[in-house]
Amino acid sequence: MFLFYNENGDNMLNIINKKRLGQILTKEEINYVVEKYVSGEIPDYQMSALLMAICINDMTDEETFNLTDAMINSGETLDLSGIQGSIVDKHSTGGVGDKTTLILAPIVASCGVNVCKMSGRGLGHTGGTIDKLESINGFNVNLSIEDAIKEVNKVGAVIVSQTGNLVPADKKIYALRDVSGTVESIPLIASSIMSKKIASGASSIVIDLKVGNGALIKNLEDAKHLSDLMIKIGKKYNRKVVCVLTNMDKPLGTSIGNALEVKEALEFLNGNRNKDLEEIIYKLASLMVSLGKNVSEEIALKEVKEKLNNKEALSKFYEIVKNQGGNIDDLKISNRVFSIKSPYTGFVKEIDTLKLGELSRSIGAGRYKKDDVIDYTVGFVLNKNVGDYVLKDEELVKVYLNKIDLSINDITSCFKIDSELGDVLPNIYGVIK
Ligand code: URA
């Protein structure tokens, strides 16, 4: 007789209390929570309490496997056998200024490897690919599974939101985590990402695991733990998972904010490339192409560079946007622009990337409540990033505001400027397979 199947409403309470006390949840309890939360029988406030207890008391690997499994089973799984050719998926654990998917999908598709990508909205202070794409007027992220497959067969790539009934548990839990302070948890991140990736059907998955003050994962030890966990989950489902550990102690590239990041992605594909972003794109794209085509990374990188330089990747970007109904010529960016100057001369030694991400959320680029409406037009464009030399009164950053204002001090306090640069962290820490 399972206590948690009683009808009194105290079953979820027992599960919350168990996790609050640091105990291990059974497979049945995890299945119960996921099933009843998706059906609406467990309210948000109880689910938030359980998520918070998980954040504080963690989960064992076994619990995380069970959670991932319950989330996959909460909906349909994609059968990609209708797609001709190889398919590779990619996911980021989330960062500030992370527009890599917008650039990778067209590059990889133009190399002949299919991308059928299910992306997320913003999470905490980090931006989400779906919000970025929705800054493009008309862009439809809500395709049916059948239509998504048709698009991949037609153009080689599609980027959709959690389509229809695919991992509905993650769709609901993800939105709740975003606004309940329960984002930064290794088992919750691993199960969220891997449930989506496994349900989406690709056999090879490249994970861009961001590490640093602007990421959900703050240090290399946790990053290695999360990588190992996702690789183990992948093995259970016969998927090849490769994790690339990348630096998120500084914003990636120059722009932060939805439409601004789309613009930067477009400029990148057009040949105007930020060097940090370029290094990370080369690594992720060559891994995806090498897995998709079963060729060496060196051969894959050569092809990636060729598709960028001959603008085939740019044409593919236009094709993807057009096929999903978007009008890229109508990208709206606020014209209330302010230039923030450096108070000192010296090297930009550090950027408080988390704070900058939070500030972009505060001006409307992200959400605080589930039904908040995003302002796609706002954000920041950095003129200086970590390692750059700046003169007093030279521009540090351009701020694009709309309805909500910001103090200059809030922005400048994110930048630590020093006469000495010291050690500069690499863009890529390593690859774990
Ligand atoms: N991306 C996801 O899909 N889920 C997380 O929990 C974090 C990043």
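**Figure 1. Helix α9 in the shell around the ligand.** Helix α9 contributes 4 residues to the shell around the ligand, the largest share. The model shown is predicted. At least two shell residues each come from β1 (88-92), α8 (168-178) and α9 (186-199). The residues around the ligand are His91, Ser92, Thr93, Leu123, Tyr174, Arg177, Ile189, Ser192, Ile193, Lys196 and Leu216. By class, this shell comprises 5 nonpolar, 4 polar and 2 charged residues.

Figure 2. In the predicted model, a polar side-chain atom of Lys196 is placed 2.5 Å from a ligand oxygen atom. For Arg177, a polar side-chain atom lies 2.8 Å from an oxygen atom of the ligand. For His91, the corresponding distance from a polar side-chain atom to a ligand oxygen is 2.9 Å. On its own the ligand has 240 Å² of accessible area, and the protein covers 97% of it.

Figure 3. The predicted model contains 6 cavities of 30 Å³ or more. The volume of the largest cavity is about 300 Å³. Its lining consists of 26 residues, of which His91, Ser92, Thr93, Gly94 and Tyr174 are the closest to the centre of the cavity. The ligand takes up the space of this largest cavity.

**Figure 4. Elements and residue classes in the lining of the largest cavity.** The elements β1, α5 (100-110), α6 (129-134), α8 and α9 each provide at least two lining residues. Helix α9 gives the most to this lining, with 4 residues. The lining of the largest cavity divides into 5 nonpolar, 14 polar and 7 charged residues.

**Figure 5. The second largest cavity.** In the predicted model, the second largest cavity holds about 180 Å³ of space. It is lined by 24 residues, and those closest to its centre are His125, Thr126, Gly127, Ser360 and Ala365. Two or more lining residues are given by each of α6, α11 (258-269) and α15 (353-365). Helix α15 gives the most to the lining of the second largest cavity, with 4 residues. By class, the lining of this cavity has 5 nonpolar, 13 polar and 6 charged residues.

How values were computed
Residues are numbered from 1 along each chain as its sequence is written. This is a predicted model: local features need pLDDT of at least 70, side-chain atom pairs count only at pLDDT 80 or more; totals for chains, interfaces and linings use all residues. Side-chain values use heavy atoms; hydrogens and water are left out. A residue is near a molecule or strand if one of its heavy atoms lies within 4 Å of it. A polar contact is a pair of N or O atoms within 3.5 Å; within protein, one must be able to donate a hydrogen and the other to accept it, and residues adjacent in sequence count only if both atoms are side-chain atoms. Accessible areas come from the Shrake-Rupley method with a 1.4 Å probe; for residues, only the protein chains shown count as cover. On a 1 Å grid over the protein atoms alone, a cavity is a set of points where a 1.4 Å probe fits but cannot get out, and a pocket is an open set with protein on both sides within 12 Å along at least five of seven lines; lining residues have an atom within 4 Å of a point. A molecule sits in a cavity or pocket if more than half of its atoms lie within 2 Å of its grid points. Ala, Val, Leu, Ile, Met, Phe, Trp, Tyr, Cys and Pro count as nonpolar, Asp, Glu, Lys and Arg as charged, and the others, Gly among them, as polar. Grid points are joined across faces, edges and corners, and a volume is the space filled by probe spheres set on the points.
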